[in-house]
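Subject: Structure for your review

Dear colleague,

Please find below the structure that I am handing over to you. My findings follow directly after it.

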Amino acid sequence: MSEKRELVLKAFRGESVDRVPVGFWHHFTTEAEWLHGFENPEIIDKNKAGHKKFIEEVKPDFVKLMSDGFFAYPQPAFKDFKSISDLQTIEPLGANHPWISAQVELVKSLIADFPEDIVAIYNIFAPVTYFKWLVGKVSGGDDAIADYIEENREALKHVLDVIGEDIASLSQRVIKEAGADGIYLSVQSIQDNRVSAEIYKEIIAPSELKVLDAANEAKGHNILHICGYEGARNNIELFKDYPAQVVNWAVGPEEISLAKGRNIFGGRTVLGGFENGKDGLLYTGTKTAIQEKVREIITDTGTLGLIIGADCTIPSDINHERIEWVREAAIL
């Protein structure tokens with residue numbers, strides 16, 4: 001086992017480390033391409049090339065493998081339905097569907113190209129997120145989810161359970177067959193006040209737990225990402241019992257520090273500390289300011305069960321030297 005792999009897995013387990021691991025990542029394709037890689041191999045090739053360049057330049061402690069191009073869940077019934085009730089008889093695509101198999105091949109090829117032995121976690125989204133993208137075109141869709149709940153909540157729950165079965169199959173295959181060490185499951189509160197915590201737990205959470213349970217069954221080392229993308233706000237308490245080893249959320253916007261969040265999540269390892277956007281310190285700050293922030297995070301949070309990273313994906317045009325500044329300051 002390489003030193004980096006041992007370091008990261010110790011941090012995942014909350015064990016003592018000689019330096020705090022660092023994990024940052026960004027997309028390698030444009031937002032317009034995220035939904036269209038399954039039918040356009042050039043987008044997948046672009047994603048692969050981006051990973052190769054990033055890993056060679058950054059030499060990361062571990063890597064989140066981006067699923068750019070595979071954001072569109074290819075359920076034929078989603079193309080022309082008029083009512084959520086129209087979908088209450090849909091069935092899963094199946095574990096061997098080409099959309100799933102293509103992602104298994106992507107992960108396998110990326111890992112095979114690694115220049116060193118590092119932990120690799122594959123980026124996967126909550127079932128409701130895949131559905132939101134198809135009804136809201138990448139961003140948005142939360143109002144539609146709230147509408148569907150009002151219209152026929154049992155039909156929506158069935159849809160999410162079906163998607164969840166396929167994403168569970170994807171999770172197991174990328175771990176068991178492709179060699180990923182686990183999944184990075186991105187969840188998010190529905191950004192519509194009609195969807196209460198109770199409704200979320202009843203209708204949406206079961207499909208997310210199905211995915212995590214499958215990844216855990218495959219012995220994955222899994223990260224739960226509570227996504228604050230583009231200003232989304234989350235009820236962190238919704239996810240406190242989700243069975244993931246590591247938890248990541250938007251520390252600043254949610255006003256929940258890593259130390260406080262660790263208590264919410266029962267002492268599990270936490271990941272984050274830096275804002276991810278172009279207005280944040282990581283993108284704009286001096287080396288001195290960034291390294292002072294690292295030391296502040298470590299002092300506040302402690303060294304056990306800590307991985308330093310960002311709220312979400314960082315800008316793709318960031319100077320990779322800035323990541324090295326963080327890593328230098330994380331040596332204990």
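A crossing of two helices is called left-handed if the near helix is turned anticlockwise from the far one by less than a right angle, and right-handed if the turn is clockwise. Please note that the model described here is a predicted one.

Helix packing

In those terms, the crossing of H10 past H11 is right-handed. Helix H10 covers residues 287–301 and helix H11 residues 321–329; their axes lie 9 Å apart and form an angle of about 45°. The two helices, H10 and H11, are therefore oblique to each other. On the side of H10, the contact involves Lys287, Ile290, Gln291, Val294, Arg295 and Ile298, while H11 contributes Arg322, Trp325, Val326, Glu328 and Ala329. By class, the residues in this contact between H10 and H11 comprise 6 nonpolar, 1 polar and 4 charged.

The contact of H5 with H6 contains 14 nonpolar, 4 polar and 8 charged residues.

The sheet

The model contains an open sheet of 8 strands, paired in parallel and arranged in the order S1-S8-S7-S6-S5-S4-S3-S2. Its edges are strand S1 (22–23) and strand S2 (62–65), each of which pairs on one side only. S1 is joined to strand S8 (residues 306–310) by parallel pairing over 2 bridges. Within this pairing, Val22 has Ile308 of S8 as its bridge partner. Helix H6 (residues 197–217) packs on the sheet, where it touches strand S3 (119–125), strand S4 (182–187) and strand S5 (223–226). The direction of H6 makes about 170° with that of S4.

Salt bridges

Side chains of opposite charge can pair when their charged atoms come close. In this model, the count of salt bridges comes to 25. One of the salt bridges is formed by Glu33 and Lys46, whose closest N and O atoms are 3.0 Å apart. This pair links distant parts of the chain: Glu33 is in the loop between S1 and helix H2 (41–58), Lys46 is in helix H2, and the two are 13 residues apart.

With kind regards

Definitions and conventions
Residues are numbered from 1 along each chain as its sequence is written. This is a predicted model: local features need pLDDT of at least 70, side-chain atom pairs count only at pLDDT 80 or more; totals for chains, interfaces and linings use all residues. Side-chain values use heavy atoms; hydrogens and water are left out. Axes are lines fitted to C-alpha atoms, for helices over the stretch in contact, and angles run from 0 to 180 degrees between N-to-C directions. Helices (H or I, at least four residues) and strands (E, at least two) are DSSP runs, numbered from the N terminus. Angles under 35 degrees count as roughly parallel, over 145 as roughly antiparallel, 65 to 115 as roughly perpendicular and the rest as oblique. Contact means heavy atoms within 4.5 Å. Ala, Val, Leu, Ile, Met, Phe, Trp, Tyr, Cys and Pro count as nonpolar, Asp, Glu, Lys and Arg as charged, and the others, Gly among them, as polar. Two strands pair if DSSP finds at least two bridges between them. A salt bridge is a side-chain nitrogen of Lys or Arg within 4 Å of a carboxyl oxygen of Asp or Glu.
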